Amino acid sequence: MTDSSYELLKAGAAQFGVEISEREWEQFCIYARQLTEWNSFMNLTAITDEKEIIIKHFIDSLSIIPFLRKYRVESLIDVGTGAGFPGIPVKICCPDIQVTLMDSLAKRIRFLEHIAESLSLRGIRAVHSRAEDGGRNPAFREAFGCAAARAVAPMNILLEYCMPFVKKDGIVIAMKGIKEEPDYRGALQALGGILEAKSQFCLPAGPTAEQSEEMHRSILCIKKIKNISTVYPRKSGIPQKRPL
């Protein structure tokens, strides 16, 4: 990638108090290149422009790091990770955090394992599972300090996907656009959560140097204040059909 791309990533990361080392820049370059190559035969992302990958994937992913630091998160599960966002950029810049990447498509898991190996990342694993099944698995249930998800589902559904993974006093980080969310107070009550913090920001200007609505982001931080009933998560498909 170009020097201007490096400056873009460096400035975008600095917005969230993150410094990009030369080694980390090399890892991001490999990641972007492999993402583009694999995307030619596997549907991983609709974003293929170099600068848009940096802005909409890399910088967007790094936006949760202030919350991970604030709550001293040591273990993170990225639910519905897709091509590895936000989990892999977080792992690059916060190598001490143990990261689990969970996705329901096996072909994505192959890509994620390949990327982890290519970047020489340690303390990271990719798991093939639907969120509803993973949340009922004793190996993952209430095992993480944080569950993060980006553009996976509306909040009243997303919370049922994510809250079962989180320990008591842990957090769920929902990465959203600025579109108004449905009422999720019922989900908070059922799943033992409270809205701890909400942050809004704007991603850097893209190649067209325009700031459109799609560049605006919000982050909702939910704290889990009690362990939840084993009723949740409900079986696959039910959270979508009958949201809390």
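The lining of the largest pocket splits into 13 nonpolar, nine polar and 11 charged residues; here Ala, Val, Leu, Ile, Met, Phe, Trp, Tyr, Cys and Pro count as nonpolar, Asp, Glu, Lys and Arg as charged, and the others, Gly among them, as polar. Keep in mind that this is a predicted model, where local features need pLDDT of at least 70, side-chain atom pairs count only at pLDDT 80 or more, and totals for chains, interfaces and linings use all residues. Residues are numbered from 1 along each chain as its sequence is written, and side-chain values use heavy atoms, with hydrogens and water left out.

A pocket, on a 1 Å grid over the protein atoms alone, is an open set of points where a 1.4 Å probe fits, with protein on both sides within 12 Å along at least five of seven lines, and lining residues have an atom within 4 Å of a point. Volume is the space filled by probe spheres set on the points, which are joined across faces, edges and corners.

| Pocket | Volume |
|---|---|
| Largest pocket | about 720 Å³ |
| Second largest pocket | about 160 Å³ |

Of the 33 residues lining the largest pocket, Gly80, Gly82, Arg150, Ala151 and Val152 sit closest to its centre. Helix H3 (50–62) gives the largest share of that lining, three residues.

As for the second largest pocket, its lining includes Tyr71, Arg72, Phe144 and Lys167.

Conventions
Helices (H or I, at least four residues) and strands (E, at least two) are DSSP runs, numbered from the N terminus.
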